[in-house]
Amino acid sequence: MSQPTKPLINENGVRTDGRKLDELRPVKISVGVLSNADGSAYIEQGKNKILAAVYGPRESHPRHLALPDRASLRCRYHMAPFSVQERKSPAPSRREMELSKVIREALEPVIFLDQYPRTSIDLFIEVLQADGGTRCAGVTVASLALADAGIPMRDLVVACASGKVDGQIVLDLNDIEDKEGEADVPVAFTPNLNAITLLQMDGLLTIEEFETALKLALDGCKRIYSLQKETLKAKYVVVKEEAEAEAQ
Amino acid sequence: MASTIISRIKQRQIAQLIAAGKRLDGRGLTDYREIKIESGIVERAEGSALVYIGKTEVLAGVKIETGEPFLDRPNEGALTVNSEFVPVASPEFEAGPPGEESIELARIVDRGIRESKAIELEKLCIVPGKKVFVVFIDVYVLNHDGNLIDTAGLAALASILNTKMSNYEVVEDEVKVLPGFTQLPVVNYPIPVTFAKINGQLVADPGLDEEEVMDSRLTVTFEKNGKVCAMQKSGRSFFTEEQVLEVVKIGQQKAEEIRRTVV
């Protein structure tokens with residue numbers, strides 16, 4: 001992480017995209033965006049554009065991967081070749097394989113997998129445009145796609161990163177802050193269980209800075225969580241209105 | 001976690017012992033198993049180290065070659081960490097391309113070394129933008145008895161501390177090898193510390209049987225000044241905020257103790 005040529009935070013505490021230190025980027029979410037998938041959702045967070053689709057519970061292929069006591073959650077996080085500045089090879093990279101694993105493990109604690117033994121639930125996250133913080137936005141949108149698929153869950157999972165930029169702890173890093181900043185702390189949280197289900201960190205932070213960053217990320221999570229819930233409820237308001245109109 | 005089958009009795013026993021503040025092998029909850037380090041055991045490699053934590057055994061080897069720098073780091077040498085779960089190490093390991101566990105492990109070790117700036121990569125530039133030294137750290141798991149991450153992190157660190165490069169001069173953008181050797185410039189010492197959560201309790205340095213019954217694990221890597229430089233939660237369960245902060249606090253002391261055995 002080299003020293004940036006231009007400051008990422010100006011003397012008034014304003015960031016390159018005009019945000020304050022503890023401000024989220026604009027978040028837009030919608031659910032039920034794909035007709036073939038059992039559940040789907042789409043998120044825009046800053047310039048991130050990410051699509052998630054869920055298929056299942058369905059029969060496991062190949063069969064030997066089926067678990068006798070629960071459904072197996074399979075997760076693929078993938079970036080489109082055109083989602084970043086330099087074309088990314090479409091083959092899964094080591095980074096994508098690691099992120100697929102940590103995202104899966106961020107979602108598993110909330111899903112009642114034991115209700116669907118021997119099946120698989122397949123979750124696909126496609127990053128169409130990346131702008132820093134794609135794993136977090138990926139978790140947020142994936143948990144909505146799972147809910148949209150009607151899979152029983154203890155709660156939604158929501159994720160947000162915090163980090164250190166120009167010596168200050170900031171919320172929801174964008175691409176340049178992620179690349180040139182001093183630290184990045186992605187966190188996934190599930191409010192009902194008061195549980196952190198994804199936690200990673202790279203960079204350099206004192207214990208005190210880490211504690212501040214963790215609290216800030218959790219605060220960001222809680223703000224996105226209310227958006228998530230509104231989006232999901234809004235879909236069923238529409239469904240209810242349609243049903244009522246039909247009944248008349 | 002893919003797991004060998006252990007009896008439910010043992011599973012219950014581990015959980016009950018931990019609830020009483022004890023462990024199957026007599027350790028305290030935050031105790032590590034014995035750590036042993038043997039450096040320089042592979043002469044063909046530029047650096048190497050075999051590290052034991054208890055019966056877990058990991059060999060790391062360093063090879064240095066010339067190559068191209070990363071586009072965004074034209075004046076720095078490159079670092080690559082790879083890990084192999086070779087089938088000699090466990091009945092669970094199979095030959096073939098690396099699985100996600102192995103990729104995750106390599107990336108955690110990589111982050112620790114990279115983010116702490118353990119190797120002075122600026123000193124490994126040969127021709128800016130064109131040619132640099134590439135440091136390959138290959139982590140070979142030889143025997144799996146739990147806590148591969150910490151063992152691999154220590155092995156990687158011990159191996160770079162043990163690495164010698166041939167002296168060279170640059171003649172018309174080519175490297176000409178000169179007699180003698182120089183130590184690879186290593187200036188920081190990242191130490192990963194892993195805690196498992198079993199029945200809501202935190203235990204350091206989980207053994208294999210503890211990993212079989214753990215809910216989740218959290219690895220925190222500390223650099224020489226006690227700052228956190230990498231972190232990774234994995235496993236199918238979660239941590240509370242308080243548990244995370246507890247791991248960070250105890251982990252910092254543990255890392256300091258362990259660092260004294262390596263450096």
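## Contact between the chains

The contact draws 27 residues from chain A and 28 residues from chain B; two residues are in contact if their C-beta atoms, placed from the backbone, lie within 7 Å. On the side of chain A that touches chain B, α1 (94-107), β9 (195-205) and α4 (207-247) of chain A supply at least two residues each. Helices (H or I, at least four residues) and strands (E, at least two) are DSSP runs, numbered from the N terminus. β9(A) gives the largest share of that side, 11 residues. By type, the residues of the side of chain A that touches chain B are 15 nonpolar, five polar and seven charged. Here Ala, Val, Leu, Ile, Met, Phe, Trp, Tyr, Cys and Pro count as nonpolar, Asp, Glu, Lys and Arg as charged, and the others, Gly among them, as polar.

## Basis of the description

This is a predicted model, in which local features need pLDDT of at least 70 and side-chain atom pairs count only at pLDDT 80 or more, while totals for chains, interfaces and linings use all residues. Residues are numbered from 1 along each chain as its sequence is written, and chains are lettered from A and ligands numbered from 1 in the order in which they are written.

## The strand β9 of chain A

Within chain A, β9(A) pairs with strand β8 (residues 183-190) in the antiparallel sense over six bridges; two strands pair if DSSP finds at least two bridges between them. Phe189(A) stands opposite Ile196(A) in β9(A). The hairpin of β8(A) and β9(A) has four residues between the strands, and Asn194(A) there takes a positive phi near 50 degrees.

Across the contact, β9(A) pairs with strand β12 (residues 228-234) of chain B, antiparallel and over four bridges. Leu205(A) has Val228(B) as its bridge partner in β12(B), and Asp202(A) has Ala230(B).

## The sheet across both chains

These strands belong to an open sheet of eight strands with antiparallel pairing, in the order β7(A)-β6(A)-β8(A)-β9(A)-β12(B)-β11(B)-β9(B)-β10(B). At the edges stand β7 (168-171) of chain A and β10 (201-204) of chain B, each with a single partner strand, so one side of each is left without a neighbour in the sheet. From one strand to the next, the twist averages 20 degrees. On the chain B side, strand β11 (residues 216-222) and β12(B) run antiparallel and are joined by six bridges. Thr221(B) stands opposite Ala230(B) in β12(B).

Helix α2 (residues 134-148) of chain A packs on the sheet, where α2(A) touches β6 (158-165), β8 and β9 of chain A; its direction makes about 165 degrees with that of β6(A). Helix α2 (residues 100-115) of chain B also packs on the sheet, touching β9 of chain A together with β9 (191-198), β11 and β12 of chain B, and its direction makes about 165 degrees with that of β12(B). Axes are lines fitted to C-alpha atoms, for helices over the stretch in contact, and angles run from 0 to 180 degrees between N-to-C directions.

## Chain B as a whole

Chain B has five helices and 12 strands, and 44% of its 263 residues count as buried.

Definitions and conventions:
A residue is buried if 20 or more other C-beta atoms lie within 10 Å of its own, exposed if 12 or fewer, and partly exposed in between; C-beta atoms are placed from the backbone.
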